[in-house]
Amino acid sequence: MVVLVVVAGLNGAAQDQKMDAFINQLMEKMTVEEKLGQMNLLPGVSATTGELKDSPLLELVAQGKLGTVLNQTGVESIRQLQDAARKSRLGIPVLVGMDVIHGYETIFPIPLAMACSWDLTAIEQAARIAAKEATADGICWTYSPMVDIALDARWGRIAEGNGEDPFLGSRIAEALVKGYQGNYGPENMMACVKHYALYGGAEAGRDYNTVDMSHTRMYNQYFPPYEAAAKAGAGSVMTSFNIVDYIPATANKWLIDDVLRRQWGWNGFVVTDYGAIGEIIKHGLGDLSQASALALKAGTDMDMCSEGFIQTLEQSLKEGKVTMAEIDQACRRVLEAKYKLGLFENPYRFLDPKRHETDIYTPEHRQAARNLAAESFVLLKNEGNLLPLKKQGKIALIGPMADNRVNMAGTWAPTAANDKYATLREAMEKALKGRATLTYAQGCNFTSDSTLQKDGGFYRATPFGDAEQMKREALSIAREADVIVCAMGESAEMSGECSSRATLEIFDTQKELLEDLLELGKPLVVLNFAGRPTVLTWESSHVPAILQVWFGGSEAGDAICDVLFGDKVPSGKLTVSMPQATGQEPLYYNHLPTGRPVPEGAKSFSKFSSNYFDVRNDPLFPFGFGLSYTTFEYSDISLNGRTASVTVTNTGDYDADEIVQLYIHDVVASLSRPVRELKGFERIHLKKGESKVVTFEIKDELLKFYNSNLDYVLEPGDFEIMIGPDSSLEHLKKAVLTIR
């Protein structure tokens with residue numbers, strides 16, 4: 001074994017030179033097989049702490065055939081991997097990664113919910129806490145952030161991203177990369193931007209499905225968050241499963257080499273998604289040997305779980321199908337990542353057993369998660385100011401999410417410690433103790449389709465009980481209550497990977513129960529749990545109050561109580577358009593105009609116009625929308641040169657936060673431009689009666705776009721400047737800026 005030592009503490013160019021010299025020296029000693037081993041990524045025994053003594057992974061690591069492992073947690077088991085690496089000929093440390101998507105053991109709201117806070121500081125803090133906890137358990141690489149633009153709510157993985165807007169998505173991408181990576185300290189982990197690229201554009205919202213779009217649309221609408229994350233210094237990027245220009249992304253040289261590396265100047269390493277090289281075969285581009293060669297030559301550096309690189313590339317090298325330079329480049333990028341993480345200096349850097357007791361699920365972390373969850377909830381309706389509820393009288397809590405522990409965290413939370421998390425029922429009992437009476441009934445199953453319980457695993461915490469008996473119990477306690485709170489919607493796994501839905505309406509059993517409860521004539525609040533925009537058209541017409549709570553993470557129960565009872569004022573704003581009907585999907589605010597447009601908000605249908613005849617074009621709740629317990633008034637825009645200002649006044653009875661949003665429309669351009677685009681936002685706090693001036697500088701960057709030649713240009717002319725509380729035209733103040 002060769003013992004490798006790295007001198008730490010250098011910065012900038014000196015550090016780069018030191019790293020280059022070290023890796024040059026190391027690679028001179030490496031065989032082809034050892035280089036390919038560094039490019040090989042395989043799964044661990046499990047996503048939980050466990051012994052590896054009988055695992056074949058240890059032997060592969062010791063032989064230099066495996067450089068990276070995913071989904072193995074726990075300091076002691078990862079120590080075994082590093083021990084095996086030290087026994088290998090060159091002693092190259094192992095990189096250990098995991099899907100730390102929205103927290104480790106302290107679970108934050110699902111990413112879509114976090115985005116609805118529009119709170120970049122809190123989002124960055126969430127990533128920093130996730131990194132601190134994960135590194136305390138030995139993990140130093142996360143497969144996050146997911147920055148895919150998603151316009152179709154049928155696609156389940158919309159839950160993992162930031163919504164439909166490229167500007168907001170870019171700012172969140174930057175915040176997450178910064179939070180995870182920091183300065184690559186011992187409590188930081190390497191970020192992995194995914195899924196590159198266009199994964200959120202899957203046709204029909206069906207996961208892994210075809211994506212096909214123009215380059216103009218790619219650059220203007222889908223690429224910005226990837227580029228922002230890359231330029232923020234993300235250490236790695238993960239390829240997507242879909243095709244781009246009819247070529248699988250993992251084998252797409254234009255996408256990886258030309259755009260990501262050359263145009264954006266990014267220099268990290270590229271890893272495939274799970275088994276993606278093997279899936280190239282199913283796309284019809286050849287066998288495993290051909291697929292592996294294509295991926296390598298496109299600029300892919302690491303093979304996740306297909307074992308194509310380790311099994312085929314040495315023979316392909318002999319046959320002249322790949323070059324030594326291509327293998328060397330891929331291997332070098334992986335080694336650079338390990339160097340940046342400090343693994344060569346100390347392979348056990350992230351294996352301090354004391355940190356597991358001091359750095360995971362701490363009161364400080366839980367409070368941060370609780371605060372962010374409360375900020376993520378979106379108040380969709382509040383007829384007669386029913387909310388906030390008073391902590392008095394008798395409250396009936398009903399629904400399949402009311403006492404449902406493991407579903408609180410939401411999708412993609414493999415390291416959640418569900419037994420530690422409070423249910424909504426438990427949180428409400430604590431919040432109301434000594435002040436009000438809480439009664440509970442499950443009321444119904446998620447759906448009447450019992451096969452989902454068996455095949456999909458959607459009912460992990462809720463038994464599939466007798467429907468009529470549950471309904472009778474719910475109606476009985478509701479009749480005696482002063483107010484009814486219904487915890488309904490999706491279960492955690494009804495959104496996320498491979499959880500596409502063809503219809504987005506509330507499930508049958510839940511709607512039937514809701515109808516019966518409403519007939520009692522009692523004040524009723526719906527807490528809508530969901531990992532995507534769902535159709536609430538019927539509910540919005542019949543239910544007095546609706547609070548969109550998404551999946552709020554480990555502290556969701558307490559956070560819901562904070563908002564439900566007025567200890568905190570809701571401030572979340574939608575980052576996705578919520579449809580009136582599933583058939584409107586894909587639905588998004590920043591669409592292009594048509595030659596036969598329908599006036600926004602039109603109540604009637606127009607023949608020979610771009611509309612449906614059975615539903616209006618506009619969403620039920622638009623992008624950027626969210627009510628408060630108070631009210632805000634916006635002044636007209638004051639435009640002084642390139643500076644646009646509005647005065648926002650809190651005209652209600654609660655101190656509260658407001659998210660002020662700037663939209664711009666390029667009136668005349670060389671190609672069709674969106675009806676408006678988000679180009680700025682500011683989250684402000686106003687005491688009741690207080691006013692603040694919010695100012696936006698209209699810089700050139702906010703007015704540029706990619707033209708048909710893919711040149712990034714600012715074309716002189718008129719630009720509509722719009723500022724308001726959401727993207728709906730009726731709520732926006734307007735002015736015109738002329739650029740000459």
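The exercises that follow concern a predicted model, and each task is followed by a worked solution.

**Exercise 1. The open sheet**

Task: determine the strand order of the open sheet of five strands, and work out which strands lie at its edges.

Solution: Reading across the open sheet, the order is E4-E3-E2-E1-E10, and the pairing is parallel. The edge strands are E4 (141-142) and E10 (303-304), each of which pairs on one side only. At the E10 end, strand E1 (residues 40-43) pairs with E10 in the parallel sense over two bridges, and Asn40 has Asp303 in E10 as its bridge partner.

**Exercise 2. A helix pair**

Task: classify the packing of helix H8 (residues 215-222) and helix H10 (residues 253-263), and describe the residues that make the contact.

Solution: Begin with the geometry, in which the axes of H8 and H10 are 15 Å apart and the helices pack at an angle of about 50°. H8 is therefore oblique to H10, and the crossing in which H8 passes H10 is right-handed. Next come the side that H8 contributes, namely His215, Met218 and Tyr219, and the side that H10 contributes, namely Trp254, Val259 and Gln263.

**Exercise 3. The surroundings of helix H13**

Task: list the buried residues of helix H13 (residues 308-318) and identify the elements against which they pack.

Solution: In H13 the buried residues are Gly308, Phe309, Ile310, Thr312, Leu313 and Ser316. These buried residues pack against helices H2 (32-38), H11 (276-282), H12 (288-298) and H14 (324-340), and also against E1 and E10. After H13 comes Gly320, whose phi is positive, near 80°.

**Exercise 4. Backbone exceptions**

Task: most residues other than glycine have a negative phi, and most peptide bonds are trans; locate cis peptide bonds at Pro145 and His195, and then examine the positive phi values of Tyr184 and Trp550.

Solution: Take the peptide bonds to begin with: Ser144 and Pro145 are joined by a cis bond with omega about 10°, and Pro145 is placed in the loop between E4 and helix H7 (166-181). The bond from Lys194 to His195 is also cis, with omega near -5°, but His195 is placed in strand E5 (residues 192-196). Turning to phi, Tyr184 has a positive value near 55° and is in the loop between H7 and E5, while Trp550 has a positive value near 50° and is in the loop between strand E16 (545-548) and helix H22 (556-564). Tyr184 counts as buried because its relative accessible area is 17%, under the 20% cut-off, and Trp550 is buried with a relative accessible area of 0%.

Technical notes:
Residues are numbered from 1 along each chain as its sequence is written. This is a predicted model: local features need pLDDT of at least 70, side-chain atom pairs count only at pLDDT 80 or more; totals for chains, interfaces and linings use all residues. Side-chain values use heavy atoms; hydrogens and water are left out. Two strands pair if DSSP finds at least two bridges between them. Helices (H or I, at least four residues) and strands (E, at least two) are DSSP runs, numbered from the N terminus. Axes are lines fitted to C-alpha atoms, for helices over the stretch in contact, and angles run from 0 to 180 degrees between N-to-C directions. Angles under 35 degrees count as roughly parallel, over 145 as roughly antiparallel, 65 to 115 as roughly perpendicular and the rest as oblique. A crossing is left-handed if the near helix is turned anticlockwise from the far one by less than a right angle, and right-handed if clockwise. Contact means heavy atoms within 4.5 Å. Buried means under 20% relative accessible area, exposed over 50%, partly exposed in between (1.4 Å probe, protein chains only).
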